[in-house]
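Trainee: I would like a close look at one part of this model. Please take me through it step by step.

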Amino acid sequence: MTHEALPFTVDLLASLLLVAGGAFALVGAIGLARLRDFYLRVHAPTKASTLGVGGALLASMLVFGWTGQRVVIHELLITVFVFVTAPIAAHLLVKSALERDPARRPPEPGTAPDAPPAESSPTPPPTPPA
Amino acid sequence: MIDHALTLSLGMFCIAMLLSCWRLLAGPDILDRVLALDTLYVNALAVVILLGIRFRTQVFFEAALVIAMLGFVGTVVTARFVARGDVIDHD
């Protein structure tokens, strides 16, 4: 690239923040795709994606703050917006799910559920007779 | 080094967006799809920010700001509409 070179520490720190943010977002998306219930699925992306965006924003602040190319007001605004609005959106989603179908509400923590939850390793389907 | 980190991170965010797209298409409930859209816009925001770092330009950050605001409004409005069939209470 044709940009001016960053000092080594800034380069290393920004790279680490970028990779950590990408890993957080990837873990959140894997949780969104793999978990088995809506109330479980709502956990994974709403927190992990916020951290992923946070890593990218911190790296951006570091790079642009060091080069002095422009003011970092945009990153601050985006950080405030994402970190305030993401929990509100998740809360509203869960409230909507409870209003739509109260029967699917998971049991309160600490109370014994009627049926024990299924084991994490499901039984293999019966093989059809040959 | 930061160029390689940008490439790796862009790949991770793109895989995350693909997984969200899969959940958006396959989600059994409509709220799963709304949640997938929420994840999708947050990841798209991160991708726009990474491209802004790569090209060292300010225009991408204006776009990221707009995505952040409109995505939140879209999620809230869709969640309320799915739950109540109405966005604004009339009482």
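Trainee: Which residues in H2(B) meet which residues in H3(B)?

Mentor: First, the ground rules. This is a predicted model, where local features need pLDDT of at least 70, side-chain atom pairs count only at pLDDT 80 or more, and totals for chains, interfaces and linings use all residues. Residues are numbered from 1 along each chain as its sequence is written, while chains are lettered from A and ligands numbered from 1 in the order in which they are written.

Now your helices. Helices (H or I, at least four residues) and strands (E, at least two) are DSSP runs, numbered from the N terminus. Contact needs C-beta atoms, placed from the backbone, within 7 Å. From H2(B) come B:Ile30, B:Leu31, B:Val34, B:Leu37, B:Asp38, B:Tyr41, B:Ala44, B:Leu45, B:Val48, B:Ile49, B:Leu51 and B:Gly52. They meet B:Phe60, B:Phe61, B:Ala63, B:Ala64, B:Ile67, B:Ala68, B:Gly71, B:Thr75, B:Thr78, B:Ala79 and B:Val82 in H3(B). By class, this contact has 18 nonpolar, 4 polar and 1 charged residues. Nonpolar covers Ala, Val, Leu, Ile, Met, Phe, Trp, Tyr, Cys and Pro; charged covers Asp, Glu, Lys and Arg; the others, Gly among them, are polar.

Next, the geometry. Two packed helices are described by the angle between their axes and the distance between the axes. Axes are lines fitted to C-alpha atoms, for helices over the stretch in contact, and angles run from 0 to 180 degrees between N-to-C directions. The axes of H2(B) and H3(B) lie 9 Å apart, at an angle of about 175°. H2(B) is therefore roughly antiparallel to H3(B), a term for angles over 145 degrees.

H2(B) also faces chain A. The axes of H2(B) and helix H4 (residues 73-100) of chain A come within 11 Å and cross at roughly 175°. So H4(A) and H2(B) are roughly antiparallel too. H4(A) brings A:Ala89, A:Leu93, A:Ser96 and A:Ala97, and H2(B) brings B:Leu31, B:Val34, B:Leu35 and B:Asp38. These residues divide into 6 nonpolar, 1 polar and 1 charged.

Step back to the whole contact between the chains. Chain B gives 45 residues and chain A gives 46. On the side of chain B, the elements giving two or more residues are helix H1 (2-26), helix H2 (30-55) and helix H3 (59-84). H2(B) supplies the largest share, 15 residues. That side of chain B has 31 nonpolar, 7 polar and 7 charged residues.

Terms used: Two residues are in contact if their C-beta atoms, placed from the backbone, lie within 7 Å. Angles under 35 degrees count as roughly parallel, over 145 as roughly antiparallel, 65 to 115 as roughly perpendicular and the rest as oblique.
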